[in-house]
Amino acid sequence: MERLASVRDPELGATITELGMVGDVRVEGGVAHVEIALTIASCPLRSHIERDVREAVLVVEGIDDVILSIGVLDPAAKAALMRTARALAQARAPQTSIPRRAPVVMIASGKGGVGKSSITANLAIALASTGRRVGVLDADIWGFSLARLLDITGEVEVRGAKMVPLERPYGRGSVSLLSMGHLADEKQALLWRGLVVQKAVAQFIEDADWSGIDVMVIDTPPGTGDIVMTLARLLPHMGVVVVTTPSRAAQHVAARAADFANKSHIRLLGVIENMSGFACECGKVHAPLGVGGGRELAHELGAELLAQIPLRDDVADGGDEGVPVALHEGDDGYFHVLAQRLWTLAQDLVPAGCTARLLDAIEYAVDQPSSS
Ligand SMILES: Nc1ncnc2c1ncn2[C@@H]1O[C@H](COP(=O)(O)OP(=O)(O)OP(=O)(O)O)[C@@H](O)[C@H]1O
Ligand SMILES: [Mg+2]
């Protein structure tokens with residue numbers, strides 16, 4: 001068992017003993033019989049785990065062979081395993097300056113151009129309008145766009161070895177943005193790959209001063225590549241919102257983002273359908289990108305359909321001009337209603353009760369220069 005405790009499930013980021021995947025283990029005449037239960041029978045990492053188990057056990061003196069029997073966890077055991085994996089990931093996440101009481105919401109989709117960045121910008125403004133300090137992380141390293149969308153430009157200051165996001169008042173609150181657009185030019189960022197990009201994302205979280213924010217919204221590049229994986233590892237408390245267009249093709253690709261969320265045990269908060277049909281002056285509803293994809297996807301994922309945002313000139317124009325449409329919307333506007341709903345749902349992401357608040361208060365007090 002001690003040797004098996006060194007075998008990790010690479011996807012879940014914990015050892016197979018911690019996760020309760022090891023069943024009966026016995027040794028008979030130099031042969032070890034080991035029972036392993038996987039989350040699904042067709043687990044793509046099956047051979048990887050088998051090899052690691054074999055290697056780990058064969059190190060034990062007196063054992064010459066390993067006979068593995070591979071089973072599948074029943075739904076209850078699988079649910080317990082996912083709970084354990086989430087708790088372990090949260091316990092092992094690095095310390096960041098993001099206050100514990102501030103929920104983190106990642107806007108993702110499998111597909112490009114579905115409106116993630118437009119939604120991030122408008123959502124941030126709607127959240128700020130009622131007095132919140134909103135942190136926005138533009139994690140789209142190659143395709144950053146939030147500085148333009150929110151019209152927040154300038155140079156990032158470094159204070160006490162931490163980058164300070166650029167803050168701009170919006171409504172009764174403010175938006176603080178950190179984006180590659182503030183640090184490098186587009187051509188430079190395009191040359192970055194793999195580890196360098198992951199490091200940049202990690203720095204945006206670990207080496208930035210996010211203290212004081214009430215909520216964080218993260219814009220991501222399309223797909224579930226390295227950047228999204230890094231975010232999930234660093235911010236296991238976060239929730240994800242999947243954006244799709246009403247077309248069937250987009251819906252299937254968007255489902256991959258949700259599948260990823262499930263595997264990395266981050267919580268799916270819901271689905272947003274963007275670019276839905278719009279009512280024309282001629283009296284008809286036009287739906288050039290199809291109908292129903294968002295609702296179907298939400299149904300398929302057992303998630304809430306948070307909003308259906310129609311195709312609107314003012315969303316596109318607002319983006320081009322750096323004046324997001326949510327600035328002019330009333331409380332009943334699409335993005336304000338969405339912000340209210342998400343704010344409520346996101347409260348489940350933060351550790352409840354007094355402890356988190358107390359810890360935040362202590363950290364804040366310790367960070368202040370002493371007055372004596
Ligand atoms: N509801 C909408 N109505 C009209 N135009 C929209 C709407 N939502 C987004 N757009 C426009 O669609 C284009 C793509 O939007 P956006 O850049 O927000 O998508 P994205 O998912 O962030 O793209 P990428 O994957 O490239 O980062 C932009 O020109 C934007 O102004
Ligand atoms: Mg974008």
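## Close-up views of a predicted model

**View 1. Two domains, with centres 36 Å apart over C-alpha atoms.** This is a predicted model. Domain 1 covers residues 4–91 of the protein chain. Domain 2 covers residues 97–362.

**View 2. Helix α8 crosses helix α9.** Two packed helices are described by an angle and a distance, both taken between their axes. Here α8 spans residues 248–263, and α9 spans residues 293–301. Their axes come within 9 Å. They cross at roughly 35°. The crossing of α8 past α9 is right-handed.

**View 3. The residues where α8 meets α9.** From α8, the contact uses R248, Q251, A254, A255 and A258. From α9, it uses G293, E296, L297, E300 and L301. By type, five residues of this contact are nonpolar, three are charged and two are polar.

View 4. A disulfide is a covalent bond between the sulfur atoms of two cysteines. The cut-off for a disulfide is 2.5 Å. For C282, the closest cysteine sulfur is that of C280. The structure as a whole holds zero disulfides.

View 5. C282 has 52% relative accessibility, so C282 counts as exposed. The cut-off for exposed is over 50%.

Notes
Residues numbered from 1 in each chain as written. Chains lettered and ligands numbered in written order. Predicted model: local features only at pLDDT ≥ 70, side-chain atom pairs only at ≥ 80, totals over all residues. Heavy atoms only, no water. Buried < 20%, exposed > 50% of the residue type's maximum accessible area, 1.4 Å probe, protein only. Axes fitted to C-alpha atoms, helices over the stretch in contact; angles between N-to-C directions. Helix = DSSP H or I, 4+ residues; strand = E, 2+ residues; numbered from the N terminus. Left-handed = near helix turned anticlockwise from the far one by under 90°. Contact = heavy atoms within 4.5 Å. Nonpolar A, V, L, I, M, F, W, Y, C, P; charged D, E, K, R; others polar. Domains from an automatic or database assignment.
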